Each structure stands twice: as structure tokens, then as C-alpha cells.
Amino acid sequence: MKSNTKIIEQYFSDKSMNNIIDHWIFRTIIPGKHIYQEPPKENYDRLKNIYEMLLKSLKSFKPLNLKVWEQFFGSYSGLAEDVTVYIIVGSPEPYDAMVRYDKEGNKCIIFDLERMRSYSENDDKILEIIIQLITHEIAHIYVNKVYQSPNVKDSTNMNLRYIVFNEGIAHFLSFSKDVLSVDWETREMLERKEKAYSTLLYEMKNDFQDKKNEILSRANSGRFWDKFGAIAGLFLL
């Protein structure tokens, strides 16, 4: 697994984002925008601890729900050499982990330590989150080996279908340590499913082309249970 730690090492050296905010990553988090968020300085030591946890997890990584993973993708063989893992700080909420492309068009997985830290003050919980995030993002890489994402110029419906498919698999595999033991029939779960399905069907029926960017953003980003496309895919699986 190839990694690039220049951003985070520079931040640890300077205790500031001043010398890293012009990095290309901060122009690809949301394509076409230059966005970043300075981490609170009081979290500096905590970020160093999480950094070590992430490095160790990447080195020894095996996906969650390995037997289910193998039904989708076959045996886990790691990441190809043309995929680089970037460890950073500076990504605004909710962009904790993501697949993007560098300036040469190579696939990258980006993990933000401050976003991870914000989820818990408990190391054991952070470690669980790290493994979930790695499983999720590598699942995207494996899906994209076989099924390429639609072009941004393609219809809203075509892009929504792909979000349901791609994000559904990634969310399902990374949802819990034992996803097959989750009770999907509780009242709370059924309400979440109904909300996601209803929103998805509404957007697909109307197929608003002039609101495409906003619809696709809501389908795939924001608060976990509000990502109607991703959550519809989770429940479909």
C-alpha cells in the first residue's frame, strides 16, 4: 500500500496549515473549489496519536466482513501501485475520507485525521472508525476496477443509480464488524429505509437536470443517515 504523508508531516512540523493550503488536494475535495479548515491547535498531540494508529492499521489492513467482501470481490489483494493513500488534516466537515484523482489522473484515497478525531475521544472507538473508513474507501477502489462511474454530464438518474450501487456496497461492508448480524428490521431502521427510498424515488421520478449537482451532493454527502442514495443502497443490500 503506497502512502504519501507530506501534508501531515508538514503540519506536524509547523503546527499550522500555512505551508500546505495550496496543495492540490484542497482543490479536489469539492471539485472546482479551494476549501480547507485549520484544525484546533489543542488537538495537536491527539492527532499524532491517531496518525500512528492509522499508519499501523494501513500496514496490517484486512477489510471488515471479509467473507462478505470475498463474495463481492474475491480475495483481498491490497491496493494497486497506481493508488496512493494521502494522510492529511485540513478537510472540512464531513469529508473524513474520500477517493479522488491527482493532477496526473491517478486514483488517491485521502484520510483526514482531524475529522477522525472529532468522532470520539476514545482510542478504541477511533480504531474502529479507522478500520471502517479504510474498508469503505478501498471498497470504492475495487468497485471502480470493474464498474466505472458515469460522466458528470450524464443524467441525474444515471449518476444516482451509480451512487446507490457503489456507495451501497461500501457502506454495507463497512457498517459494522459483523454486518450480517445487524437487525435491519427495527422501527428506527425501517424509518431510515423508508426515508431514503422515498427521497431516491422522488428524485429519480422527477430527474431534475438543473439541480443535478445539489441532488447528487445530498445523495452522497452530509450526515450519515441523510445521504439518501448511499443509504438506499445500504438497505437494498
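Helix H5 (residues 123–146) lies across E3 and E4 and runs at about 165 degrees to E4, where helices (H or I, at least four residues) and strands (E, at least two) are DSSP runs numbered from the N terminus. Axes here are lines fitted to C-alpha atoms, for helices over the stretch in contact, and angles run from 0 to 180 degrees between N-to-C directions. This is a predicted model, in which local features need pLDDT of at least 70 and side-chain atom pairs count only at pLDDT 80 or more, while totals for chains, interfaces and linings use all residues. Residues are numbered from 1 along each chain as its sequence is written, and side-chain values use heavy atoms, with hydrogens and water left out.

The strands under discussion belong to an open sheet of four, ordered E1-E2-E4-E3 with mixed pairing; two strands pair if DSSP finds at least two bridges between them. Strand E1 (2–4) and strand E3 (97–101) are the edge strands, each pairing on one side only, and the twist from one strand to the next averages 30 degrees. Five bridges join E3 to strand E4 (residues 107–112) in the antiparallel sense, and Phe111 in E4 is the bridge partner of Ala97.

Elsewhere in the chain, helix H8 (residues 212–220) packs with helix H9 (residues 228–236) at an angle of about 45 degrees, their axes 4 Å apart. H8 and H9 are therefore oblique to each other, since angles under 35 degrees count as roughly parallel, over 145 as roughly antiparallel, 65 to 115 as roughly perpendicular and the rest as oblique. Ile215, Arg218 and Ala219 of H8 make the contact with Phe228, Gly229 and Ala230 of H9, contact meaning heavy atoms within 4.5 Å.
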